[in-house]
Amino acid sequence: MKIIKTVYFLLMVVLFTACSSSKQYKTIVVKNTLNHARSNEVVELNISFLGLKTLDATIGVKNVATNEFMLTQLVDQDGDGVMDQLLFQPKIGANSEVEFHVVKISSSEKPKADDLCFSRFVPERTGDYTWENDKVAFRVYGPNAQMLKETGQKGGTLSSGVDAWLKRVEYPVINKWYKETLIDKTGSYHKDTGEGLDNFHVGVSRGVGGIAIRNNGEFYYSKNYVKWKTITTGPLRTSFYLEYENWTAGSKTITESKIITLDLGNNLSKFEMSVSGTKEIYAGLTLHEKDGKVSSGNGWVTYWQPHADSELGTAIVADAKTFSGSENYDVEEKDLSNAYAELKVSNNQVTYYAGFAWEKSEQYPTKESWEAYLDRFSKEINTPLLISVK
């Protein structure tokens with residue numbers, strides 16, 4: 001009887017192992033070589049890296065040590081209707097590594113979460129494009145806003161600067177604020193009723209991360225974007241594509257397009273630019289009333305300023321190969337004073353990060369806490385998580 005039980009146990013082990021291995025695709029190792037824990041970075045697993053033919057809702061990621069299924073998001077990067085990227089956001093301790101299994105998963109096992117990373121084109125408000133996550137929100141201005149401005153009509157905006165929407169709640173506000181302001185007329189996003197507001201002036205300034213090209217000592221800007229495409233929205237990431245008409249910077253002809261990405265838990269958006277006609281760009285932060293303080297650190301420049309009845313910090317960050325330095329450009333003309341990060345263009349590509357922290361959101365309520373965040377963020381983009389297949 002004892003022999004029969006032993007044989008039965010061994011048989012069950014074999015069957016369980018076979019069943020488990022048939023559901024497991026890859027073992028991924030994520031390694032952190034920095035001296036602090038990391039939790040807000042999204043890991044991207046491309047379909048070719050995983051060696052799979054398809055990615056769908058049956059693909060999941062499981063922490064080997066905790067047996068916990070991770071929140072994931074699928075992305076169709078090239079817009080061909082086929083999901084080609086799997087995202088998840090691990091927590092990795094200082095100087096440590098964690099193993100994850102890429103597995104087949106049932107709908108009941110799959111973690112669910114609200115789509116806090118959201119973006120969309122806004123036809124009801126002169127063609128804005130807006131984006132947000134659980135921390136911050138932004139917008140840029142489209143072709144209809146430019147047309148209204150150039151033809152002298154009401155409501156136009158001519159600017160390639162980036163607007164900051166100061167939110168202090170973790171849930172989405174974009175659709176709610178536009179609906180209340182433009183459709184229902186029950187409120188205004190220019191007034192704070194507890195969620196935040198839009199009281200950040202952009203004008204022709206660079207706002208929070210708009211770019212300029214310098215030629216013979218003078219700065220030149222593009223106009224509003226002319227084409228857009230939403231790439232993804234979801235619980236971990238939103239990203240989208242913007243394109244601009246060719247423009248001139250003195251004797252230079254500039255082409256410009258970009259993919260902007262904002263991940264869960266981050267105060268900084270990632271700007272991946274394709275640009276020709278220049279070897280460097282200047283990403284700017286408006287100085288508004290010039291009553292704040294410009295500071296710089298390892299790969300970043302920030303402007304901490306009084307803002308209405310609160311305080312606000314804005315920043316540009318780039319990696320060591322891209323960041324050449326910073327400049328405080330202070331002139332008399334309205335909205336033309338900006339703190340600039342000078343960034344190198346390599347093979348017509350340049351990547352940087354731009355964002356903000358509002359005191360009332362209580363995320364980074366002081367200049368010191370904000371700059372500590374920028375230092376940590378800079379270390380992370382210069383020392384990315386190491387991803388390998390075991």
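Phe 49 is found in helix 2 (residues 47–50); helices (H or I, at least four residues) and strands (E, at least two) are DSSP runs, numbered from the N terminus. The model is predicted, so local features need pLDDT of at least 70 and side-chain atom pairs count only at pLDDT 80 or more, while totals for chains, interfaces and linings use all residues. Residues are numbered from 1 along each chain as its sequence is written, and side-chain values use heavy atoms, with hydrogens and water left out.

Phe 49 is partly exposed, with a relative accessible area of 33%; buried means under 20%, exposed over 50%, and partly exposed in between (1.4 Å probe, protein chains only). Together with Ile 387 and Val 389, Phe 49 makes a nonpolar surface patch of about 200 Å².

An open sheet of 4 strands has the order 3-6-1-26, with antiparallel pairing. Strand 3 (59–63) and strand 26 (386–389) are at its edges, each with a single partner strand, so one side of each has no neighbour in the sheet. Two strands pair if DSSP finds at least two bridges between them. Strand 1 (residues 24–32) pairs with strand 26 over 4 bridges, and Val 29 stands opposite Ser 388 in strand 26.

Another open sheet has 5 strands in the order 13-12-19-24-23, also with antiparallel pairing. Its edge strands, strand 13 (218–220) and strand 23 (323–329), each pair on one side only. Strand 12 (residues 208–215) is mostly covered, with 7 of its 8 residues buried. Strand 12 and strand 13 form a hairpin with 2 residues between them, and Asn 216 in the turn has a positive phi of about 55°.

| Strands | Bridges | Facing residues |
|---|---|---|
| Strand 12 and strand 13 | 3 bridges | Arg 214 and Phe 219 |
| Strand 12 and strand 19 (residues 280–286) | 3 bridges | Ala 212 and Tyr 282 |
| Strand 23 and strand 24 (residues 338–344) | 6 bridges | Gly 325 and Glu 342 |

Technical notes:
Patch = residues over 30% accessible without salt bridge, like charges linked within 9 Å, V, L, I, M, F, W, Y side chains within 5 Å. Areas by Shrake-Rupley, 256 points an atom, 1.4 Å probe, with all protein chains shown as cover. Salt bridge = Lys/Arg side-chain N within 4 Å of Asp/Glu carboxyl O.
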